[in-house]
Amino acid sequence: MQQQVIIIGGGLAGLCSALHLAKAGHSVTVVEKHQYPKHKVCGEYVSNEVLPYLKWLGADVSELNPVAISKAHFSTATGDSVLCGLPMGGFGISRFAFDEFLYKKALERGVSFIFSTVEEVRFSNDSFEVTLSDNAKLQASVVLGAYGKRSNLDKKFDRKFISHTSPWLAVKCHYKGYFAADTVGLHNFEGGYCGVSKVEDGNINVCYLVSFESFKRFKNVDDFEQSVLMQNPELASVLTSGKRVFDQPLTISQINFEDKPAVENHILMIGDAAGLIHPLCGNGMAMAIHSAKMASECIIASSQNRLDRQLLEKEYTLLWHTNFNRRLKTGRLLSRALLNPSAAKLLLGMVKRFPSLLPRIIKFTHGKPIDVAA
């Protein structure tokens with residue numbers, strides 16, 4: 001039996017789930033706050049594990065001419081570095097282009113979009129009522145939460161993590177300049193780490209995560225970058241030779257890496273709303289896309305007869321933990337190591353001595369190519 005589905009949030013997870021469910025014949029409405037296209041604070045490197053699934057959705061990302069990435073370059077805060085091959089490879093693509101691409105594909109598939117803010121979600125009598133900012137009310141059998149890292153809805157759902165102050169700030173900017181197109185860089189600095197890679201239009205995406213304690217000593221982003229990021233020679237090379245494309249870098253604060261329930265108030269959480277991997281693992285976009293597939297398949301399976309909500313929620317939670325728990329734990333361990341100068345130096349020494357070690361570590365933060373139905 002086909003279901004009416006509302007997806008709160010039109011990022012990668014929300015858009016992929018919309019495409020998947022619409023392909024299966026479900027009636028889908030996406031509620032998104034902002035019009036497309038738009039930039040987002042994001043690393044913009046995606047593992048090739050998602051390519052079979054995107055093609056199955058009818059969203060072959062090769063149409064956007066993404067940058068093929070086959071190498072990873074890691075450096076400590078002092079500039080000691082190591083280069084290795086990526087076991088599976090990936091691609092670089094901006095959220096500006098990627099989200100709009102998926103949005104247009106979803107429109108072609110018949111997905112409805114409402115550009116508004118969700119103020120409240122109520123579950124009663126085995127159905128949902130979603131209230132928008134203009135007080136309009138929508139009804140659905142299933143609701144997916146795809147609204148990202150944090151939202152006012154998290155407070156209304158009384159999610160545990162939202163009451164905890166998070167020490168992390170993320171900053172992103174695009175640059176024009178030289179950077180090896182086939183490489184994703186992960187460069188450490190005092191109090192954080194920075195990802196660097198090219199995207200489809202030749203711009204260099206620079207996105208870093210920093211502890212607020214480290215950042216607050218400085219007046220602004222420019223002062224922080226000059227005083228801290230520039231101490232890493234690899235980052236200094238990128239920032240001094242490149243020219244900013246954005247008028248001002250994009251920032252987002254209160255980024256939380258605590259565990260989150262995959263189901264909250266009967267809403268299936270997908271993407272960052274379900275769990276956030278440390279950016280140093282460079283694979284949050286692939287996780288968001290994979291979570292969309294898992295949630296969509298669970299909804300389709302439970303709807304073949306009469307919607308069994310208890311089974312739906314149980315199956316999705318199990319899939320989430322089976323596929324992502326190891327990645328999230330690895331991300332936390334690596335983050336703690338890289339933010340400790342002595343541990344980072346020791347780790348670099350080990351991967352230099354044993355070159356096969358780094359690709360193995362990378363595999364722990366990536367999945368296998370996502371299987372899709374014929």
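Reader: In which helix is glutamine 226 found?

Author: This is a predicted model. Glutamine 226 belongs to helix α6, which covers residues 221-227.

Reader: Is glutamine 226 buried or exposed?

Author: A residue counts as exposed when its relative accessible area is over 50%. Glutamine 226 has a relative accessibility of 53%, and therefore counts as exposed.

Reader: How far apart are glutamine 226 and alanine 262 in sequence and in space?

Author: The two are separated by 36 residues in sequence, and their C-alpha atoms lie 40 Å apart in space.

Reader: Where does arginine 159 lie, and is arginine 159 buried or exposed?

Author: Arginine 159 is part of the loop that runs between α4 (152-156) and β11 (168-176). The term buried applies under 20% relative accessible area. Arginine 159 is buried because its relative accessible area is 1%.

Reader: Which residues is arginine 159 in contact with, leaving aside its neighbours within four places in sequence?

Author: With those neighbours left aside, the contacts of arginine 159 are Tyr147, Asp154, Lys260, Pro261, Glu264, Met269 and Ala273. With glutamate 264 there is a polar contact between the side chains, at 3.0 Å.

Reader: Which residues touch the most other members of the largest nonpolar core?

Author: That core has 73 residues, and those touching the most other members are Phe98, Leu102, Tyr316 and Trp320. Helix α8 provides the largest share of this core, with 10 residues.

Reader: What is tyrosine 316 in contact with, beyond its neighbours within four places in sequence?

Author: Its contacts include Ala262, Met269, Ser291 and Cys298.

Reader: How many cavities of 30 Å³ or more does the structure hold?

Author: There is 1 such cavity. The largest cavity has a volume of about 40 Å³, and its lining consists of Gly271, Asp272, Gly275, Gly284, Met287, Ala288 and Trp320. Helix α8 contributes the most to this lining, namely 3 residues.

Reader: Which residues lie nearest the centre of the second largest pocket?

Author: They are Arg326, Arg327, His366, Gly367 and Lys368, from a lining of 22 residues. The space in this pocket is about 420 Å³. Its lining comprises 8 nonpolar, 7 polar and 7 charged residues. Among the elements that each supply at least two residues of this lining are β5 (81-92) and α9 (309-338).

Definitions and conventions
Residues are numbered from 1 along each chain as its sequence is written. This is a predicted model: local features need pLDDT of at least 70, side-chain atom pairs count only at pLDDT 80 or more; totals for chains, interfaces and linings use all residues. Side-chain values use heavy atoms; hydrogens and water are left out. Helices (H or I, at least four residues) and strands (E, at least two) are DSSP runs, numbered from the N terminus. Buried means under 20% relative accessible area, exposed over 50%, partly exposed in between (1.4 Å probe, protein chains only). A polar contact is a pair of N or O atoms within 3.5 Å; within protein, one must be able to donate a hydrogen and the other to accept it, and residues adjacent in sequence count only if both atoms are side-chain atoms. Contact means heavy atoms within 4.5 Å. On a 1 Å grid over the protein atoms alone, a cavity is a set of points where a 1.4 Å probe fits but cannot get out, and a pocket is an open set with protein on both sides within 12 Å along at least five of seven lines; lining residues have an atom within 4 Å of a point. Grid points are joined across faces, edges and corners, and a volume is the space filled by probe spheres set on the points. Ala, Val, Leu, Ile, Met, Phe, Trp, Tyr, Cys and Pro count as nonpolar, Asp, Glu, Lys and Arg as charged, and the others, Gly among them, as polar. A nonpolar core is a set of buried Ala, Val, Leu, Ile, Met, Phe, Trp, Tyr and Cys residues joined through side-chain atoms within 4.5 Å.
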